[in-house]
Amino acid sequence: MEKTKKLNDTKEYVFAFWRWLFLGVALGVVCGLVGAAFSKSIQGVTALRSEYPWLLYLLPLGGLVSVALYKLCRVSGIGTDDVMESVRSEKKVPFMLAPAVFAASSISHLLGASAGKEGAALQLGGSIASVFGKIFRLDDKTHHIITMCGMGALFSAVFGTPLGACVFALEVIRVGHFCSAAFFPAMVSSVTAFGISQMLGVEAERFSVNAVNEFSLDTLWRVAVIAVAGAVVSIIFCGAIHYADKFFEKAFKNAFLRIAAGGVVIVLLTLLVGTRDYNGGGNHVIERIFEGGEIRYEAFALKILFTAITIAAGYKGGEIVPTFFIGATLGAALAVPLGLDPAFAAAVGMAVLFCSVTNCPLATIIISAELFGSEGLMYYAFAAVMAFLLSGRYGLYHKQIFVFSKLHE
């Protein structure tokens with residue numbers, strides 16, 4: 001009897017292996033193609049914005065187009081939170097979210113809204129996965145798993161961190177709960193999507209950290225200072241987004257008026273600060289820190305302001321790249337008083353901010369290794385986990401569930 005049961009179990013596992021291998025590869029190929037197209041689109045429109053600075057003045061008009069596009073696709077009000085909720089419920093992500101968020105995010109980057117691309121990638125992945133669920137007639141539990149696979153695959157294709165993207169998709173939905181059943185298919189889809197995007201010429205995000213100190217308690221306490229500061233700044237960042245969202249919604253009931261007003265404010269702020277560094281995701285600013293040690297002490301605060309207004313007004317894109325921007329500039333600003341190399345301090349700051357706003361310590365550690373290399377991984381991990389605790393229940397995503405408290409089992 002026991003042998004029969006074991007044999008049946010073995011057959012079930014073998015069947016699951018081949019089933020998820022097929023679905024994971026198929027989903028990864030599609031997500032890799034879409035992710036590559038999306039990355040190329042964002043890269044192209046960003047280059048256009050740099051070449052033609054006057055495009056910034058069209059931001060309010062572009063916002064109106066984005067709102068109209070979402071209404072036309074009948075996906076108004078649907079975002080990353082809804083994709084996350086679909087993993088826990090019978091709610092499905094509409095397919096039309098994919099073209100809407102693709103086009104609207106491209107508009108945001110073309111015209112200078114302060115947004116990233118990873119948030120849009122999660123929505124694209126969830127939307128594509130929803131179509132897969134319908135095509136292959138997956139049941140609800142399996143549909144939830146394929147949605148996580150899609151999220152991780154698009155994130156991997158766009159950002160170039162396949163292992164971290166896989167773990168992030170599994171970890172971000174429920175803090176403290178890890179869906180082990182989704183691990184294999186999510187890994188397959190993320191790695192496949194990464195491979196496809198690389199074949200199509202998408203460059204993976206990598207930052208060179210050359211001056212990593214050997215492990216010592218003296219360096220550790222300096223890293224701890226960045227962790228504390230980062231946790232505080234992450235709370236301010238999340239609070240600023242939530243407060244700005246409520247303010248804009250209350251002040252401008254009409255979505256068209258809201259996004260146009262936000263666009264005008266972004267244009268005026270850009271002219272006031274006298275630089276275009278806070279428009280778009282801001283990858284070039286992060287690169288300047290790692291390549292030349294550039295430090296601007298006010299940069300992290302201004303990016304919080306620009307991003308909070310952008311997201312609250314309704315521009316599409318995401319908060320992850322702005323989060324990395326805030327973390328990098330904060331870390332670099334603290335490098336001088338702490339006696340650390342700016343690039344190393346920026347890497348610590350990026351790990352701290354990402355972990356604090358997403359509440360994903362495992363994904364943060366893996367992504368840190370992929371972005372910066374493993375030499376300073378102990379410092380990145382220590383700072384990230386420390387900030388994870390200190391940031392409490394704050395986060396970017398309203399629908400993120402804390403299955404377990406950070407304080408108690």
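Helix 10 gives the largest share of a nonpolar patch, four residues. This patch lies on the surface, has about 1100 Å² of accessible area together, and includes Leu48, Trp54, Leu61 and Phe256. Leu61 lies in helix 2. Patch residues have over 30% relative accessible area and no salt bridge, with nonpolar side chains joined within 5 Å; the areas come from the Shrake-Rupley method with a 1.4 Å probe, and a salt bridge is a side-chain nitrogen of Lys or Arg within 4 Å of a carboxyl oxygen of Asp or Glu. Helices are DSSP runs (H or I, at least four residues), numbered from the N terminus.

A word on the model: it is predicted, local features need pLDDT of at least 70, and side-chain atom pairs count only at pLDDT 80 or more, while totals for chains, interfaces and linings use all residues. Residues are numbered from 1 along each chain, and side-chain values use heavy atoms, without hydrogens and water.

Now to the aromatic rings. The whole structure holds 22 aromatic pairs, counted when ring centres lie within 6.5 Å; planes under 30 degrees apart are stacked, over 60 edge-to-face, and the rest tilted. Phe207 and Phe372 make a tilted pair, 6.2 Å centre to centre with 40° between the planes. Phe207 lies in the loop between helix 8 and helix 9 and Phe372 in helix 15, so their pair ties together parts 165 residues apart in sequence. Phe207 is buried at 8% relative accessible area, where buried means under 20%. The rings of Phe344 and Tyr379 are edge-to-face because their planes stand at 80°, with centres 5.5 Å apart.

Definitions and conventions: Patch = residues over 30% accessible without salt bridge, like charges linked within 9 Å, V, L, I, M, F, W, Y side chains within 5 Å. Helix = DSSP H or I, 4+ residues; strand = E, 2+ residues; numbered from the N terminus. Phe/Tyr/Trp six-rings, centres within 6.5 Å; stacked < 30°, edge-to-face > 60°. Buried < 20%, exposed > 50% of the residue type's maximum accessible area, 1.4 Å probe, protein only.
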